[in-house]
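Subject: Structure handover

Hello,

Here is the structure, with the sequence alongside. My notes follow below.

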Amino acid sequence: MKIPYFPGCTLSAANTTGKCFDNAVRASAAAVGVDLVELPNWNCCGATYPLIIDNMLKLAAPAHILVEAQKQGSQVTTACTTCYNVLKRTNHFIRTHPDERDRINTFIEADYAGEVEVVDIVQLLRDQVGFDAVRARVQKPLTGLKVAAYYGCMVLRPPAEVAYDDPDHPRSLDDLMAALGAAAVDYPHKNECCGAYLAVKAPEVTRSMAYTILSSAQRAGAEAMVTNCPLCQFNLDKRQQEMTNYFAGYQPIPVFYFSQLMGLALGLDVTGYGWERHYVDPRPLLKRFIEA
């Protein structure tokens, strides 16, 4: 199964946890029969979807990506949830606003009407590969690992435009973790915002929001978090360095990308997965699985 793939900027930056996310995504997808074919001519999606569409130029960058994807096939997938949100909403806008669509096409010198389907990588694994097929390929089950799945905002909101899961009670990451042999821990804050870009201008707000999510998962019994969003992974991971100083008794826990745990469970070579780049070192928790 060959699928056009948009990596985006964060997952392409060298020597970052985002690049390790990308490495693990490509390897894990290949192990379950999906060949992610990187778009040959991609550009930044813009990183945020404009809240007020009063200038069609703001949608030119993601629209150009969709046009490039159309040259490669009928769908495009991405592992970055921010990229997914921007591309999915842009595609929806193009499909539902014919007058503005014409202006966008004029800007990018194309004739695109939203024909491509934008699919998140977890959605692709769930619907086109199937979690049962993933389970059948597991070589090192993550037995005994208690993991709390964190979804954040970008694949859930706004529901009518982007959600492929129940926005109030999402299950995709939980079900994927269960397929890998881990114990998926349910907790009430899996779809709360982590603070997103407030990490730049108001890090103390992000710290508080991340603490609410992490402590909620810990109270439910989780010993690790898993997410599919680079920004969420950064906020939940990095802010724990400060939490021990602000919240009495707080004990940090590792925050993984789903693809890192997937590659580990599938028995792949995980030396390029960047465990050492995490702010909370996950290697002690994973020692028994890595050595196995």
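A residue is called buried if its relative accessible area is under 20%, exposed if over 50%, and partly exposed in between (1.4 Å probe, protein chains only). This is a predicted model, in which local features need pLDDT of at least 70 and side-chain atom pairs count only at pLDDT 80 or more, while totals for chains, interfaces and linings use all residues. Residues are numbered from 1 along each chain as its sequence is written, and side-chain values use heavy atoms, with hydrogens and water left out.

Salt bridges

The structure holds 17 salt bridges, each being a side-chain nitrogen of Lys or Arg within 4 Å of a carboxyl oxygen of Asp or Glu. In one of them, Lys71 joins Glu68, with 2.9 Å between the closest N and O atoms. Glu68 counts as buried because its relative accessibility is 7%, whereas Lys71, at 58%, counts as exposed.

Arg89 and Glu161 form another salt bridge, with their closest N and O atoms 3.4 Å apart. This pair links distant parts of the chain, 72 residues apart: Arg89 lies in helix H3 (residues 81-96) and Glu161 in helix H7 (residues 159-162). Helices (H or I, at least four residues) and strands (E, at least two) are DSSP runs, numbered from the N terminus. Arg89 has a relative accessible area of 17%, so it is buried; Glu161, at 23%, is partly exposed.

Lys190 forms a salt bridge with Asp186, and here the closest N and O atoms are 3.0 Å apart. Lys190 is buried at 5% relative accessible area, while Asp186 counts as exposed at 54%. Both belong to a network of salt bridges that also links Arg171, Asp174 and Asp175.

Strand S3 (residues 75-78) is covered on both faces. Gln75 and Thr77 are buried on one side, and Val76 and Thr78 are buried on the other. In a regular strand the side chains alternate between the two faces of the sheet. S3 pairs with strand S4 (residues 117-120) in the parallel sense, over four bridges; two strands pair if DSSP finds at least two bridges between them. Opposite Thr77 stands Val119 of S4.

Surface charge

Asp99, Asp102, Asp111 and Glu115 gather in a surface patch of negative charge. Such a patch is made of residues with over 30% relative accessible area and no salt bridge, with like charges joined within 9 Å. Asp99 sits in helix H4 (residues 98-108) and counts as exposed because its relative accessibility is 59%.

Regards

Definitions and conventions: Patches are made of residues with over 30% relative accessible area and no salt bridge: like charges are joined within 9 Å, nonpolar side chains (Val, Leu, Ile, Met, Phe, Trp, Tyr) within 5 Å. Accessible areas come from the Shrake-Rupley method with a 1.4 Å probe; for residues, only the protein chains shown count as cover. Lys and Arg count as positive and Asp and Glu as negative; His and the chain ends are not counted. The place of a charge is taken as NZ of Lys, CZ of Arg, CG of Asp or CD of Glu.
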